[in-house]
Amino acid sequence: MVPAVGRMVMPILETSEGEIFQDTTEIIDALEQMHPERPAIPSTPKQQVVAHLFELFGDEGLLRSAMHYRWNFPDDNDDFISLEFGRFMNPVADDTLAKELAAPSKAKMSGYLPALGITEATIPTIETSYLELLSALNEHFLKYPYILGGRPTIADYGLIGPLYAHLARDPAPSHIMKTKANRVWRWVERMNAVGDDMPEFPNMKNDLIPNDEIPDTLIPVMKIIAKDHLPELKTLCSFIDSHIESNPDLASGSPIITDSNARALGGFNVEIRGQGFDLIARHYSIWMLQRLIDAASMHTGREKTEIENLFKNTGLLDILSLSTKRRIKRENYKEVWA
């Protein structure tokens, strides 16, 4: 995999035909083409755009919560994380060896917290935001087994990454989820089950909510996304545009990051819930945002109006017009300028 992709990175899928796909989103897109019989991407306008919104938010917007609750609760989490990391590298390692193997990776990953805006000053805002999200999702999962009805979509797949791997498995946030948002915990179980696992919903059809409806229980969740992630996306787009203006000779197909030792183009400050955050410019977020914008721009007339009204009523209308002066695409397993 490393010679094929050019770096050590996960996840990677190699098909039986020898095709290689890297990045969760591109893997899902490929599987959508291979197995169209139970699509993960809704076909109706509002549900399709909302699904992409949740895909974006789960993939990028929950990163701070996931990393905070993983690395800032060592008394509860450290043994579990050390043994998980260590045994991933050597499945038969005893506890002592597993912890030794895990130490370098733990130090590297926990060292990213300041770059993600996770500091003593910002932690109260991060926790308030996350607990509000849990509460809103908990109310939704009282009525529906998945985000858009009786089967999962990319909305669920976007959320399950952080809500399972970090926030439902690591001991400290797992306890929070189980005690403060038990129905979110059930959704995590359901997402990992073979089959639909929704006995709480005996009359629920194994399909999306009909007539392209968006349930009222998602409105509070979308308002939280508007409050907590939209300001970052707006400021990130402005930062990327400034970089493009300062570098007019950027060649199409050239990598976004040319310095092999760098992980971002730079940093910016944004205010979220009245709290300032110093963040690195995660250009991958722009690539994910483009998926949402592209989905929304496919629709015209009444369909477009209904999408805009929904996003306006949840404080998200501005996200539909966000863009940068140059698009970002993925080519040869990395982000490049279009």
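Predicted model: local features only at pLDDT ≥ 70, side-chain atom pairs only at ≥ 80, totals over all residues.
Student: Where should I start with helix 5, and how many residues does it have?

Tutor: Helix 5 covers residues 74–89, which makes 16 residues. From first C-alpha to last it reaches 21 Å, close to the 22 Å expected at 1.5 Å a residue.

Student: Which residues of helix 5 are buried?

Tutor: Start with the general idea. An α-helix has 3.6 residues a turn, so residues three or four places apart point the same way. Now the case here: Asn77, Ile81, Ser82, Leu83, Phe85 and Gly86 are the buried residues of helix 5. Their cover includes helix 4 (63–71), helix 6 (95–110) and helix 9 (171–180).

Student: How do I read a strand, and which side chains of strand 3 are buried?

Tutor: Look at the two faces. In strand 3 (residues 267–272) the side chains alternate.

Student: In what sense do strand 3 and strand 4 pair?

Tutor: They pair in the antiparallel sense over six bridges, and Val270 stands opposite Phe277 in strand 4. The hairpin has two residues between the strands, and Arg273 takes a positive phi near 55 degrees there.

Student: Which residues touch the most other members of the largest nonpolar core?

Tutor: Of its 89 residues, these are Phe54, Met177, Trp187, Phe311 and Ile319. Helix 13 (residues 283–297) gives the most to this core, with nine residues. Follow Ile319 as an example: leaving out residues up to four places away in sequence, Ile319 touches residues including Leu53, Leu230, Leu289 and Phe311.

Terms used:
Residues numbered from 1 in each chain as written. Heavy atoms only, no water. Helix = DSSP H or I, 4+ residues; strand = E, 2+ residues; numbered from the N terminus. Expected span 1.5 Å × (residues − 1). Buried < 20%, exposed > 50% of the residue type's maximum accessible area, 1.4 Å probe, protein only. Contact = heavy atoms within 4.5 Å. Pairing = 2+ DSSP bridges. Core = buried A, V, L, I, M, F, W, Y, C linked by side-chain atoms within 4.5 Å.
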